[in-house]
Every structure is written in structure tokens, then in C-alpha cells.
Amino acid sequence: MIDPAAAEIIERAAALLRRGELVAFPTETVYGLGADAANSTAVAKIFTAKGRPQDHPLIVHLAEAAHLDRWAKDIPAAARKLAAAFWPGPLTLVLKRQPDVCDAITGGQDTIGLRVPKHPLALELLREFGGAGGGLAAPSANRFGHISPTTAAHVRDELGDAVAMIIDGGPCQVGIESTILDLSGERPAILRPGMISAAAIGAVIGAELVLAGVTAPRVSGSLESHYAPRTPLQLVTSDGLIFAVRQAMVSRERTAFLATMAQPLGNELITWKLVPSDPESFAREIYASLRELDVLGCARIVVQAPPPTTAWQPMLDRLRRAASGFDN
Ligand code: TXA
Ligand code: MG
């Protein structure tokens, strides 16, 4: 049962969305910047608020898998199986679109990304707004290319007054964006790794998965520099950490570190932030930690790279992209 105060917030949010306004809402992955997916004027506001190029498609969020057919056609059996296994949850399915879906959502492509998020407030909102099959187009609620928000305060910092309302659902439990699986082609392909792994998906559909190469601009997260703080970010091994500490001391540059390893030596130029060493907790905290270090005015943020194993693949992917825009 949702409490009366929350119910009032959800009703207000749904009314704003019906009027074509933007509402940011929590999901289990990151906060989304929502608009009525059937209203092209409302959807256009998303691109303006984010500063996002028009050809980058948006994920449409649904209240339940039963609404898939309103948005997608020629839906393969694998999609139904995956929806049954993982929805609500952090998996986005790319399927052939219905012809009436507005081009602003699909970036003019013949496919559409769909998911049912696993957050009680998101689901309440979707039931209130889209109970009859309506959907909310919602990218991550950050400025284009920047770090995804995992709290309501992050959304406010990113978008300010560009959004009519922000629903505060506390910190996101997963912390990084959903796995994106393309089921519209010959073979299933992961376009963006996430906490639902290729192995878990493969076990449900009984198929081997390919991890797509860089396919920009189909997936904006596949652009080189993305998920990035404003401070240059450098990804290093644990040996590289020690080297970077020495370098900070020699160059007298304030440097922030994000590591699972304890700080080797103290120095007033160095801010050391410990992050958890298990993948789930790391994912939950990584974006908030990067934001915290980003406001310190350091010359660099040096991040200890997670191990190159499958469990860490989604986080390594985000960190590589965050580092790639900078010379390091
Ligand atoms: O966890 C998430 O997926 C979050 C929450 C809010 O649901 N959303 C999110 O949205 O990360 P966004 O727009 O920041 O990233 C969605 C990615 C984009 O890179 C976009 O290009 C890709 O999904 N995408 C959406 N529709 C697509 C399609 N039809 N084909 C290929 N890629 C698509
Ligand atoms: Mg995003």
C-alpha cells in the first residue's frame, strides 16, 4: 500500500505528465526524466532539458509487460520470456516499433526500447498515468554526456527548473543504467551491459549473446565520452594508484582518488574516497561518489579500475567511457 502523501504526489505528477510537462522519477537503476511518450511536444522538451541530440532514441517505460504490444510489433518469444523473468527490473528490450510511435522517441529508427522499472513509486506513477497502456519516455535525468543521477538532489543539480516536478524516492538501489538487449535483429545483442548479465539472459532464452561493438548513435551510452564528471578522470591499476599519489605530490596538484584499496600515504593534496569491493555495492555508490569528488575542484579524479571479470563489466564500461574524453 502506498501512503496517502505519496498517493497525492503521484496524482499530481500524473496530472503534470498528462498536460505535457516533464516529471523526474526514481527507478531502481537511476532517476529518469519522464514525458508522455504519446505526446511529441512533451518528448521534445526532454531533448531541450538534457541538451541531447535529436537522433538519440529514448526508452519507453511501461506499467506492465502486458502493454508491450501497444508499442512493439513482431515480438519474439524470447522477449516475452525475458519480460516474465526480469520485469519489473533493469532490462531494456529493443524491439520492432509499432508504426504510430512518434519519431522523436525512436530517433527515426524502426525499433523501440522498452522496460518496466522496479521501483514502487515508478510503478505507482506508471499505473496512475499509463494504466491503460500509456508509456513514459524517460532517459536518465542528467545533462547529455554527464553522470546519471541516483538521488533527487542530483536531478535538481543537473536540471534545475527545466523539470516541473521531481519525485523523491531516495537513493537508487541498482545505481547504474539498465542492460539494453536488442531483439530486433538476427541474433540477440547486448547494446549496453548492466546488472542483468549476458549469462542470466542467455539462461532464459537459451541463446549465446553477442556484445555489440560501438554502434553510435543508436545507443548514446556507446559514444566515446559519456557518464563523465567535469573533472578529468583517469582509470588506473592498483600500481598506477601509487604512481598517481607520487605524481600528485610532485606536481603539487590537488587530486581525488576513488579506490577499494586503503590510502597508502596521507597528504593534504589528496582526497581519498573508499568504494566497496563487491560489484553490487560498487554499482550502487559509484555515481554519487564521482559527483562528490567532482565538486572538489581537483585537477584529476584517479579511479582504481575494477577487475576485468564479467561481474564488473558494466562498471568498467561506464568508467572507461567516463575517462575516454580526457587525455590520459
Ligand atoms: O536504466 C535505464 O535504462 C535508465 C532509467 C531511467 O530507465 N534510462 C536510461 O536512459 O539510461 P538513457 O536515455 O540515458 O539511455 C538509454 C539508451 C540510450 O543510449 C539510447 O540510445 C538507447 O538506450 N536506446 C533507446 N532506444 C533504443 C533503440 N530503439 N535502439 C537502440 N538503442 C536505444
Ligand atoms: Mg543516459
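Author: Let us begin with burial, where buried means under 20% relative accessible area, exposed over 50% and partly exposed in between, with a 1.4 Å probe and protein chains only. In H11, the buried residues are Pro314, Met315, Leu316, Asp317, Arg318, Leu319, Arg321, Ala322 and Ala323. This is a predicted model, in which local features need pLDDT of at least 70 and side-chain atom pairs count only at pLDDT 80 or more, while totals for chains, interfaces and linings use all residues. Residues are numbered from 1 along each chain as its sequence is written, chains are lettered from A and ligands numbered from 1 in the order in which they are written, and side-chain values use heavy atoms, with hydrogens and water left out.

Reader: How many of the residues of H11 are buried, and what covers them?

Author: Helices (H or I, at least four residues) and strands (E, at least two) are DSSP runs, numbered from the N terminus. Nine of the twelve residues of H11 are buried, so the helix is mostly covered. The cover, judged by contact (heavy atoms within 4.5 Å), includes strand E10 (189-192), E12, H10 and E15.

Reader: Is Arg318 buried or exposed, and which residues does Arg318 touch?

Author: Arg318, found in helix H11, counts as buried because its relative accessibility is 3%. Leaving aside residues up to four places away in sequence, Arg318 touches Ile176, Glu177, Ser178, Arg192, Pro193, Gly194, His226, Tyr227 and Tyr287.

Reader: What span should helix H10 have, and where does H10 bend?

Author: The expected span of a helix is 1.5 Å times one less than its number of residues. For the 16 residues of H10 (residues 279-294) this gives 22 Å, and the end C-alpha atoms are 22 Å apart, which agrees. The bend at a residue is the angle between axes fitted to the seven residues ending there and the seven starting there, and H10 bends by about 40° at Glu285.

Reader: How many disulfides are there?

Author: A disulfide is a pair of cysteine sulfur atoms within 2.5 Å, and by this rule the count comes to zero. Cys102 is buried, with a relative accessible area of 16%, and Cys298 is buried too, at 8%.
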